Amino acid sequence: MLAGVVVPLVTPMDRPGRPSAPAAGALLGALAAAGARGLMLFGSNGEGPLLPTAELAEFATGVAKRWRQLVDGGPVLVNVTAPGTAEALARAEAVLPAAPDALVLSPPIYFHHRHDEIVAHYTALAGLGVPVVAYNAPRYSNPLTPALLDELTGLAHLVGIKDSSGDLTLFGHALTAARRRDDFGVSQGAERQALDALRLGADGVVPGVANLAPAAAVELFRAHRDGRDDAASRAQQLLDRVLALHTVRPGVPAVKAVLAARGLCPPHVAAPFTPCSDEERHALLDLLAPLDAHLIRA
């Protein structure tokens, strides 16, 4: 389920902090038309940790239903990362009505934890009857070390790893650990290293920039798969150029501002984020204007 391009979806909102599946309709249609295969909800691009558990179910259910109408067999993964195990379980239970193809779980956030505590955190989701993908995002949570990767790949309910560390040596270790099983996938979330990861053997990529340039992300994957190395390199370079938007305003508010200008997503964000100012929005649009033909469109 991690093969191809899985989009870590931004969370469209009908007012600040309130996810809205209807508000996501145009964006979902555009992503499907561009060739994206799957979605990951409520990750860092989806502002997941800022959203209350009570706000997750309706959005996840509505978006999953619509995506499955648009993309036959397209997987929907839902991130349930939380500071502690009880909250992760509560978030998982909340999104079960969406019938996620997998739950995505980082190690606990906030406190530093021992190896055995992190393994126990993952083991706690075994009884839910839903596969789990481990999400390594050390910028936000305890890191997945080589020793943890070795142990976690031995848990039967874990079916994959998404690595956003940017550490290609660690990514190579994740691939080695995963290949001990024939039912375990590995994807890369470090956007500037997407092609490097595919060349190392990644099954797919989960780049946040795919919210804005899904066709380029899909072309990167397909060109690599088909042995069109020059085309794959050009696609990576294009994605790198789009990522320059974060020099104007880092993070999700910038992505939503550009999507809003293209009629695909309201600019609302979850507090304490604030939307882009008019000055930031104009700077973003000016920066990306030369790339307009490559950006998502309704």
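Let's start with helix H8, residues 214-225, and helix H9, residues 229-242: their axes come within 8 Å and cross at roughly 155°. Axes here are lines fitted to C-alpha atoms, for helices over the stretch in contact, with angles from 0 to 180 degrees between N-to-C directions. So H8 is roughly antiparallel to H9, a label for angles over 145 degrees.

Contact means heavy atoms within 4.5 Å. On H8, the contact uses Ala216, Ala217, Glu219, Leu220, Ala223 and His224. H9 brings Ala231, Ala232, Ala235, Gln236, Leu238 and Leu239. By class, that is nine nonpolar, two polar and one charged.

A word on the source. This is a predicted model, where local features need pLDDT of at least 70, side-chain atom pairs count only at pLDDT 80 or more, and totals for chains, interfaces and linings use all residues. Residues are numbered from 1 along each chain as its sequence is written, and side-chain values use heavy atoms, with hydrogens and water left out.

Next pair. Helix H10, residues 252-261, packs on helix H11, residues 278-288, at about 75°, axes 10 Å apart. They are therefore roughly perpendicular, meaning 65 to 115 degrees. Ala254, Ala257, Val258 and Ala261 of H10 meet Leu284, Leu285 and Leu288 of H11. The tally is seven nonpolar, no polar and no charged.

Last, helix H4, residues 115-123. Ile118, Val119, His121 and Tyr122 are buried, that is, under 20% relative accessible area with a 1.4 Å probe, protein chains only. The buried residues of H4 fall within an arc of 155° seen down its axis, so they line one face. Their packing partners include helix H3, strand E6 and helix H5.

Notes
Helix = DSSP H or I, 4+ residues; strand = E, 2+ residues; numbered from the N terminus. Parallel < 35°, antiparallel > 145°, perpendicular 65-115°, else oblique. Nonpolar A, V, L, I, M, F, W, Y, C, P; charged D, E, K, R; others polar. Buried < 20%, exposed > 50% of the residue type's maximum accessible area, 1.4 Å probe, protein only. Arc of directions from axis to C-beta.
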